[in-house]
Number of protein chains: 2
Amino acid sequence: MNNCADDLAAALEELAIFLGGRLSSNEAVRDHHAGDESWHDPQRPDAVCFVNSELEVSQVLAICNKYRIPVIPFGTGTGLEGGTVACNGGICVDTSNMSSIVEVNEEDMNCVVQPGVTRKQLDSYLRDSGLFFPIDPGADASLGGMAATRASGTNAVRYGTMRENVISLRVVTADGTVVSTGNRAVKSAAGYDLTHLYVGSEGTLGIIVELTLRLHGRPEAVSSARVYFDDVDGAVNTAIQTIQCGIPIARVELLDAAQMQAINQYSGTRFPEKVALFLEFHGSTESVKEQAETVGEICQEYGGSDFEWTTYEEERREMWDARHTAAYASMAVRPTAKAYATDVCVPISKLAECIRKTRQDVTDNSSLTTFCLGHIGDGNFHYVFLVDPDATSELAQVRQLTERMVQRAIDMGGTCTGEHGIGLGKQKYLEQEFGAAAVALMRTIKKAIDPQDIMNPGKLLPAK
Amino acid sequence: MNNCADDLAAALEELAIFLGGRLSSNEAVRDHHAGDESWHDPQRPDAVCFVNSELEVSQVLAICNKYRIPVIPFGTGTGLEGGTVACNGGICVDTSNMSSIVEVNEEDMNCVVQPGVTRKQLDSYLRDSGLFFPIDPGADASLGGMAATRASGTNAVRYGTMRENVISLRVVTADGTVVSTGNRAVKSAAGYDLTHLYVGSEGTLGIIVELTLRLHGRPEAVSSARVYFDDVDGAVNTAIQTIQCGIPIARVELLDAAQMQAINQYSGTRFPEKVALFLEFHGSTESVKEQAETVGEICQEYGGSDFEWTTYEEERREMWDARHTAAYASMAVRPTAKAYATDVCVPISKLAECIRKTRQDVTDNSSLTTFCLGHIGDGNFHYVFLVDPDATSELAQVRQLTERMVQRAIDMGGTCTGEHGIGLGKQKYLEQEFGAAAVALMRTIKKAIDPQDIMNPGKLLPAK
């Protein structure tokens with residue numbers, strides 16, 4: 001990386017010409033763009049650009065490419081694996097000004113948005129339409145960032161992840177070229193799938209400047225259910241059986257007993273403090289009733305207790321609010337601690353075993369407070385550890401536990417991350433998961449598209 | 001391409017060492033591997049390898065790469081855009097011996113197959129399980145070929161195409177390296193999406209040697225319906241409204257009046273000879289009844305007549321048999337003619353207009369017999385032209401009509417092919433559809449992964 005001070009100064013000078021006050025080297029601004037919501041140490045970029053248009057992104061990249069200055073794309077900074085940490089300095093490109101919803105095509109059930117639009121913004125915008133966008137990571141992330149990390153959330157079991165819900169993209173590659181990866185047709189057999197190459201590329205192949213997203217019809221009716229189990233196996237088997245029966249379940253969230261206890265303490269609720277499944281069904285009035293009742297029967301088979309279902313919005317909201325406050329509830333258990341979250345995803349047949357062994361490992365080898373949550377219809381679960389940021393021994397414990405958790409998942413045919421991405425934190429597992437040949441192929445692609453390695457360098461691909 | 005006779009002879013000599021009789025230069029064998037089921041003129045490869053294993057594929061590619069010999073992957077030869085035509089000579093790699101179903105994981109609802117397994121073979125194998133694989137192109141294609149062309153079929157509106165149903169692949173790249181693109185987790189945020197890069201790459205980036213496929217639960221109940229319209233608009237609006245209502249329709253096939261007439265003549269059926277919609281619903285007994293009845297009401301709104309629905313298997317089979325014989329029924333109308341088929345896909349809001357304008361163009365500018373069929377839930381439709389293979393004027397007419405049809409689709413925000421692929425026939429539209437920058441990016445990727453351009457050269461990417 002030829003990132004000497006002269007080159008940086010020259011690049012900043014050229015950038016200032018058209019960005020003016022939207023190029024900032026202010027300390028506070030750089031601090032704000034130094035990291036994300038994870039445990040990764042923040043590192044500041046040399047400057048931050050607040051871009052307003054595709055053309056500006058193109059100009060910024062052309063200049064940075066000319067001077068070989070690292071570029072770090074930045075949405076809301078709500079990532080969980082250090083994807084926005086400026087570990088090589090450089091220019092942070094903040095897309096939050098690019099926040100227009102360009103069009104909504106109701107008949108085609110899609111929309112075109114700029115990358116800075118957040119999921120809640122889109123949700124509000126669509127509120128009065130018959131449509132919604134289903135991907136809901138915990139944070140109010142930007143859609144550009146969500147595409148870049150291949151994000152998902154609680155609805156993925158029915159509606160898929162960003163992988164299934166991005167129809168096409170406009171991206172700017174390292175040298176400033178604007179590329180359109182597709183069109184508005186819902187399927188195509190034409191050419192290489194550039195859309196999917198960019199979804200999940202974490203800013204290392206270019207910057208997403210426009211997204212065409214699939215929308216889904218708002219269900220006529222919604223029902224929610226909850227049920228409790230003595231162990232994880234009963235909950236996971238219920239999910240497996242439900243899916244195998246072809247019930248088009250919309251959400252199936254697992255929360256462990258510690259998580260339920262934390263929620264009760266935080267929200268004043270009185271849920272049983274056992275392994276819980278929170279479920280949701282979408283469909284016609286008749287079908288959401290039928291789905292809930294069928295799942296009720298399945299729960300009985302697998303030892304579920306206190307099964308309840310409802311279509312009342314207030315009751316449903318209470319339950320999902322509890323689910324959505326889970327992270328805050330966890331942190332309130334030990335307010336001085338920092339939450340260290342990691343996620344893996346395994347074939348669902350291995351899920352109960354993977355969670356059980358992870359819990360055993362945590363119990364045997366630490367005294368940390370932990371919580372387990374899962375989007376278990378996908379085989380995806382999170383472990384959250386509460387860690388005293390000043391206690392290096394605790395952090396060391398967590399690192400060992402998560403390392404073993406990831407290795408366990410990979411050994412079971414799974415992935416080191418179901419939805420958080422690789423960023424800085426999971427690089428060392430990439431080769432273990434895919435093999436050396438696949439990682440070499442990824443490097444070949446990166447080198448071909450970004451030969452000077454200016455796009456988010458140091459992320460996703462491990463150093464050789 | 002340094003494909004001189006000496007190099008070819010040297011390569012054949014090395015291949016013969018381990019392939020023995022499974023390397024053939026026999027004329028009949030080469031003829032059989034010279035093309036596909038399309039109108040593209042066949043061109044013979046210099047020799048055909050019948051490979052038995054991933055290791056052999058790797059050895060073949062390493063040798064061909066050393067001598068810069070073109071390699072044409074071959075499944076069943078049922079493609080429709082010339083993808084297996086050996087337009088630069090070289091070695092055809094026939095994967096039909098690699099026809100093992102490696103494993104079926106019922107709990108995880110996936111299976112692992114070799115590339116030569118055909119869709120009907122997999123269907124038979126799964127018959128007694130609770131699972132099925134939904135992708136059903138017309139032909140009994142190989143699953144490797146289906147992944148390579150990003151195939152789909154009648155179930156895509158509910159279950160997606162090969163794009164959504166390939167979980168991961170093992171591929172051999174140009175130099176013989178074996179790459180695993182993923183694992184068995186249903187979702188992952190780890191690394192570049194190599195799986196999707198290979199799905200739809202038409203053998204130009206390597207050879208698929210193993211596929212992990214998503215399976216789906218067999219529905220508890222199935223209902224089918226049919227209804228007729230005076231024009232395409234009513235049929236398309238019915239499909240749009242059905243999807244917008246959130247009805248999880250499994251199939252929605254459009255057949256035009258000429259097609260219905262051909263089917264009646266061929267099969268002795270007595271369907272009304274109007275624009276027909278054939279529909280299918282999957283779900284519980286209750287829900288397939290409800291879905292069919294709701295769609296019945298929607299049909300009325302849009303001028304549908306003679307709506308009938310049934311859950312009886314015999315009645316359903318009669319209807320779908322009629323749909324599946326459509327191609328043969330069409331050809332029987334003019335037995336001396338050849339069928340020339342093309343497909344496009346547009347946003348569904350433009351579908352009626354696109355079909356209407358295409359029909360007008362056909363009527364105004366030719367006297368050819370044509371049929372229109374559509375997987376209209378996806379906005380995808382096919383036009384089939386019956387052409388006297390000796391009448392150059394007819395062929396010229398078809399070329400002009402299909403060219404305008406494709407341009408119309410692209411102008412409407414659609415794609416030049418929804419499911420047939422680019423092959424030889426659609427190359428000239430690639431730049432028009434994606435723009436020069438995207439095609440240049442595709443070339444960059446191709447060049448990085450296959451620097452000597454040995455993998456199916458002359459396909460997908462237009463000559464510069």
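Colleague: How does chain B superpose on chain A?

Modeller: A rotation of 180° with 0.0 Å of shift along its axis places chain B on chain A, with an RMSD of 0.0 Å, the copies being fitted by least squares on the C-alpha atoms of residues with pLDDT of at least 70 in both. That is the relation of a two-fold axis. The same surface serves both copies, since 100% of the contact residues of chain B recur in chain A, where contact is counted if C-beta atoms, placed from the backbone, lie within 7 Å. This is a predicted model, in which local features need pLDDT of at least 70 and side-chain atom pairs count only at pLDDT 80 or more, while totals for chains, interfaces and linings use all residues. Residues are numbered from 1 along each chain as its sequence is written, and chains are lettered from A and ligands numbered from 1 in the order in which they are written.

Colleague: Which domains does chain A have?

Modeller: The assignment, which is automatic or from a database, gives domain 1 (5–96), domain 2 (101–217), domain 3 (221–327) and domain 4 (334–426). Between the C-alpha centres of domain 1 and domain 3 of chain A there are 43 Å.

Colleague: What is the strand order in the open sheet of five strands?

Modeller: In chain A the order is β5-β6-β10-β8-β9, with antiparallel pairing; strands are DSSP runs (E, at least two residues) numbered from the N terminus, and two of them pair if DSSP finds at least two bridges between them.

Colleague: Which strands stand at the edges?

Modeller: β5 (101–105) and β9 (178–180) of chain A do, each with a single partner strand, so one side of each has no neighbour in the sheet.

Colleague: And what stands opposite A:Val112?

Modeller: A:Thr212 in β10(A) does.

Conventions:
Helix = DSSP H or I, 4+ residues; strand = E, 2+ residues; numbered from the N terminus. Contact = placed C-beta atoms within 7 Å.
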